Amino acid sequence: MEPVNQLSSLFSSLDRNDYKIQIITTFVISILFAYVFLHRWNQRNVKGPKSWPIIGALVELLMNYHRMHDWLTDYFLESKTFKVILPNITINFIAEPANVEYVLKTNFNNYPKGEAFHELMEGFLGDGIFNSDGEMWRQQRKISSYEFASRNLRNFSTTVFRDYALILSGILHQASICGKEIDMQELLMRMTLDSICKVGFGVEIGTLTHELPDNRFAKAFECASTNVMLRFVNPLWRIKRFLNVGSEALLAQSIQVIDEFTYNLIHKRKAELHQVAKSNDNNGNSKVKHDILSIFIELSENPDNNLTDKSLRDIIINFVMAGRDTTTSTFTWFIYMIMVNTNVAEKIYNELITFEDNNQAKEVIGSNPEGSKSFAEKVTQFASLLNYDSLGKLSYLHATITETLRLYPAVPQDPKEVLEDDVLPDGAEVRAGEVVAYVPYAMGRMVYNWGPDATSFNPNRWFNEEGLFQSASPFKFTTFQAGPRTCLGKDSAYLQLKMTLAILCRFFKFHLISNHPVTYKMMTTLTMERLKLTVTTR
Ligand code: HEM
């Protein structure tokens with residue numbers, strides 16, 4: 001054959017092959033388009049974000065990640081229950097009290113934290129109470145409930161909370177004199193960390209001082225808490241962990257710092273307790289320690305309690321997790337709320353002045369005629385009036401804290417695993433292996449839960465016609481969870497919040513920096529980015 005002919009036959013066979021490839025490609029693309037079209041068409045009546053094949057609603061979720069709680073709230077306005085399908089998990093979001101009661105109480109055993117949650121959080125929270133189910137959780141719950149109810153712990157906490165509130169007011173007083181801008185959340189975070197370390201483990205870590213020193217443990221805790229959260233939306237986190245890169249590398253480094261701190265603390269405390277026990281034997285008088293770690297170390301001496309150093313480490317971390325970020329978050333949103341609702345700040349102030357009058361302390365505090373007492377003395381004297389019982393009388397302050405917790409719940413969403421296929425009271429079907437999450441943040445904004453003014457900040461909603469504080473069903477006001485796993489630190493949190501805020505609201509006025517954007521970070525808790533303000537005394 002001539003070379004020209006050979007070439008032309010080669011080209012014509014290539015053309016034929018190309019043509020075939022084109023047909024096959026067009027066919028495959030059409031099938032794919034049809035599949036995607038049908039997939040989307042089938043969802044035309046589905047509530048919640050629409051999903052795509054394989055990736056589900058991941059793209060929409062990632063685009064809204066920075067405002068996830070509000071993104072969910074928007075969907076809740078359309079439907080009380082909806083699914084978010086992700087590549088690795090399907091989450092059923094619920095906001096209806098009947099559904100919440102069913103999941104948290106009625107069929108509690110079908111909705112544990114679950115294996116997936118445990119794996120995600122294990123490096124950080126270990127097998128602590130927050131991150132365990134079944135017998136392991138039951139045992140910790142039993143011991144902790146008993147210890148939390150102790151009067152000794154309450155008295156000890158009262159003193160600690162008062163002392164740290166006084167340190168904070170000293171720092172604020174200085175800031176008021178200089179007219180300095182402060183990051184209030186940063187100060188509150190330091191105060192709650194210092195106080196939880198003192199109540200929890202009997203140590204003073206001293207992060208709340210005028211100099212605002214850096215603290216490795218505090219930084220590491222914050223870093224771990226932020227980065228562990230990213231695992232929930234990144235199905236590739238195990239690969240990142242294996243390669244030790246990005247957020248997983250940061251998480252591993254911070255956990256190392258956290259572990260160093262806690263194991264040191266445990267060993268030191270054990271040695272101290274040992275020393276105290278010896279000196280008690282010699283002198284015959286006992287020096288009992290009331291911090292939570294000491295109580296658990298004593299319990300660990302009984303082999304039946306099965307408490308190793310690792311369990312003590314997990315208890316510590318779970319306590320810091322429970323007490324620090326949740327309480328700080330509430331403090332911060334509260335201060336923000338009274339800055340933007342100045343009428344509420346005035347009502348709290350009036351309640352506190354009446355409280356002073358009733359305690360006949362007027363002459364030593366606000367209206368001291370000679371003005372001879374220093375500011376610090378006045379604050380200290382006022383603080384001495386505050387204890388568990390007297391704080392119980394500040395019902396408007398209590399209602400304002402509760403209203404803050406309704407709209408800004410420290411744990412804004414809370415997932416549970418589904419063990420077996422089930423049907424929720426509203427008829428929604430959930431499958432084994434999926435997740436059900438109740439969303440306190442959205443629940444607080446639903447008209448069907450709180451009436452037409454659901455989104456308004458209104459502490460008065462908590463009072464009945466006789467003017468008495470009226471609590472709401474824990475399945476509607478889910479800020480502290482409900483059912484068998486209700487928060488164990490609720491009373492302690494209210495005690496610290498009321499103690500500190502009574503002092504702050506009595507002696508200071510807070511002023512928001514103009515144009516200061518107030519937004520939350522995506523963490524397990526509803527933490528603000530920052531809260532910049534100035535403060536004046538009153
Ligand atoms: C305003 C402050 C607080 C809020 C809003 C809050 C809220 C919550 C929530 C929603 C849970 C359930 C989390 C879950 O397991 O899914 C919880 C559990 C828990 N909280 Fe709190 N909490 C606060 C303060 C505290 C404090 C100060 C402590 C102790 C120092 C504490 C101790 C605990 C413990 C031990 C649990 C685990 C209960 C269990 O799983 O059985 N909380 N809290």
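This is a predicted model: local features need pLDDT of at least 70, side-chain atom pairs count only at pLDDT 80 or more; totals for chains, interfaces and linings use all residues.
Residues are numbered from 1 along each chain as its sequence is written, and side-chain values use heavy atoms, with hydrogens and water left out.

View 1. Elements that give two or more residues to the shell around the ligand are α6 (134–148), α13 (309–340) and β4 (414–417). These names come from DSSP runs numbered from the N terminus: helices (H or I) have at least four residues and strands (E) at least two.

**View 2. The shell around the ligand.** Of the 26 residues in the shell, K113, W137, R141, D414 and C487 come nearest. Helix α13 gives the largest share, six residues. Sorted by class, the shell has 14 nonpolar, seven polar and five charged residues. Ala, Val, Leu, Ile, Met, Phe, Trp, Tyr, Cys and Pro count as nonpolar, Asp, Glu, Lys and Arg as charged, and the others, Gly among them, as polar.

**View 3. The iron atom.** What holds the iron atom of the ligand from the protein side? The only protein donor is C487 (SG), at 2.3 Å. Donors are N, O and S atoms within 2.8 Å of the metal (3.2 Å for Na, K and Ca); water is not among the atoms, so sites may look incomplete. You can find C487 in the loop between α19 (447–450) and α20 (490–507).**View 4. The largest cavity.** A cavity is a set of points on a 1 Å grid over the protein atoms alone where a 1.4 Å probe fits but cannot get out, and lining residues have an atom within 4 Å of a point. The whole structure has two cavities of 30 Å³ or more, and the largest has about 60 Å³ of space. Its lining includes K113, Q481 and R485.

**View 4. An aromatic pair in α3.** W71 and Y75 are edge-to-face, 5.6 Å centre to centre with 90 degrees between the planes. Rings of Phe, Tyr and Trp (its six-membered ring) pair if their centres lie within 6.5 Å; planes under 30 degrees apart are stacked, over 60 edge-to-face and the rest tilted. Both residues lie in helix α3 (residues 68–78), four residues apart.

Key:
A residue is near a molecule or strand if one of its heavy atoms lies within 4 Å of it. On a 1 Å grid over the protein atoms alone, a cavity is a set of points where a 1.4 Å probe fits but cannot get out, and a pocket is an open set with protein on both sides within 12 Å along at least five of seven lines; lining residues have an atom within 4 Å of a point. Grid points are joined across faces, edges and corners, and a volume is the space filled by probe spheres set on the points.
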